[in-house]
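Q: Can we go through this model together? I want to start with the contacts between its parts.

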Amino acid sequence: MLLSPPDVGPLEESYLLRALRSGWVAPIGPDIDAFEQEIAERVGTRHAVALSSGTAGLHLAMVALGIQRGDAVVVPTLTFVATANAVTYTGAEPVFVDCLPDTGNLDPELLDRTLRKLSASGRRVAAVLPVDMFGSCADYDRILPICAAAGVPVIEDAAEALGASHEGRPAGSFGRAGVLSFNGNKIITTSGGGMLVSDDDILVERCRYLATQARQPVPHYEHTETGYNYRLSNLLAAVGRAQLRRLDAMMARRRAHRSRYAEVFGATAGVRILGSGDQAANCWLTSIVVDPEVSGWRSADLAAHLAAAGIETRPVWKPMHLQPVFADADAVLNGVAERLFATGLTLPSGSGMSTEQADRVCAEIDDFLHDGPRHDAKAGFPRARPSHVGGTADGRATSL
Ligand SMILES: *Cc1c(COP(=O)(O)O)cnc(C)c1O
């Protein structure tokens, strides 16, 4: 039982075959145009640009904003590495900011303090990149005014959040631009792919141009600046269109799994589910957070029990400020991301997981809750050992 495998079937097959037979086997074609239009409609933006990955979308947004070597870009420390890499590609430097305990989303108050500190030090802050963690929107009611007051543009990393919303507004629509991912493990997939969404005509035009090798509009190949090959294949756009038609049903499946987990852990002291999981969330991944001092067991103990039964789990993201590659980066911390990394565990959440499979996962969890902790206690637990940190499992593998 995998964490979040792709959920594809006959509909994707028929869309893909139709695209293949149409002859549009290229990074241009009618399925791309239609997929862009359908995503723009869903997210409520004027434009959408289909791309080869979410990472490409984040990178293009950075380039299009004119971000330069030495600029500071604020990134939540609790995220997948792609968010921070997009900053590094431009020669700018990520400044990591910690998160809120309930959702794992960017802490607005810490963000405010960070922007003031950076501005006082004379540093140019070129952008803020909030992440909609595991499919729950960041707190834009507070984040947007803070960024506006500081005069810093927001690029929303909505890679995990297609279908989610905040105060009735769809994920992806909050910043100057938003970025979605269709990687194999995301809520919908094109096997690999992404989309930049925005209302900003000029920014979107520049991203399209940069994504097609910055080719000038003349008959021969003319280039005045460095571009990228970041367009999505028409075949993959066809798969994306089929997936998008199933988005609401797939979100409902993930929500059902989340409810099952809430039930099975119901009265377990020291265990909570990360995020509210309210109707605004897309329930991409369900994670539990375990306080071992209260529960008498660590999240890693449950992970080991489930692994023995062939069930995949994973710690939540290893914070960026703990990653060796970002050892020199600035970070403004409150300890929450490190605690979530040490105590969080993501459970199988895929929309393709059947009710019978979910039953089996829940039965194993139930077994563990009744036998596992007692067994561990005999072996000398509880003791507050750091779980995961420095171990073999790290957040990296969550990207397929
Ligand atoms: C998956 C993900 C990305 C990167 O998307 P790709 O399509 O895999 O390049 C970026 N940010 C976050 C938060 C993600 O989860």
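**Domain contacts and side-chain pairs**

A: D248 and R42 form a salt bridge, with the closest N and O atoms 2.9 Å apart. A salt bridge here is a side-chain nitrogen of Lys or Arg within 4 Å of a carboxyl oxygen of Asp or Glu.

Q: What is the count of salt bridges between domain 1 and domain 2?

A: The count between the two domains is 2 salt bridges. The count of residue pairs in polar contact between them is 21, both residues being at pLDDT 80 or more. A polar contact is a pair of N or O atoms within 3.5 Å; within protein, one must be able to donate a hydrogen and the other to accept it, and residues adjacent in sequence count only if both atoms are side-chain atoms.

Q: Which residues of domain 1 touch domain 2, by type?

A: That side of domain 1 divides into 20 nonpolar, 13 polar and 9 charged residues. Nonpolar means Ala, Val, Leu, Ile, Met, Phe, Trp, Tyr, Cys and Pro; charged means Asp, Glu, Lys and Arg; the others, Gly among them, count as polar.

Q: Back up. Is this predicted or experimental, and what are the ground rules?

A: It is a predicted model: local features need pLDDT of at least 70, side-chain atom pairs count only at pLDDT 80 or more, and totals for chains, interfaces and linings use all residues. Residues are numbered from 1 along each chain as its sequence is written, and side-chain values use heavy atoms, leaving out hydrogens and water.

Q: Where are the domain bounds?

A: Domain 1 covers 10–246 and domain 2 covers 248–379. The bounds come from an automatic or database domain assignment.

Q: How much area do they bury between them?

A: About 3,200 Å², 60% of it on carbon and sulfur atoms. Buried area is the accessible area (1.4 Å probe) that two parts lose on being put together, summed over both. F96, F134 and I187 supply 24% of the area that domain 1 buries against domain 2, more than any other three residues.

Q: New topic. How many aromatic pairs does the structure hold?

A: It holds 8. Rings of Phe, Tyr and Trp (its six-membered ring) pair if their centres lie within 6.5 Å; planes under 30 degrees apart are stacked, over 60 edge-to-face, the rest tilted. F80 and W317 form a tilted pair, 5.4 Å centre to centre with 40 degrees between the planes.

Q: How many residues apart are F80 and W317?

A: They are 237 residues apart, so the pair links distant parts of the chain.

Notes:
Helices (H or I, at least four residues) and strands (E, at least two) are DSSP runs, numbered from the N terminus.
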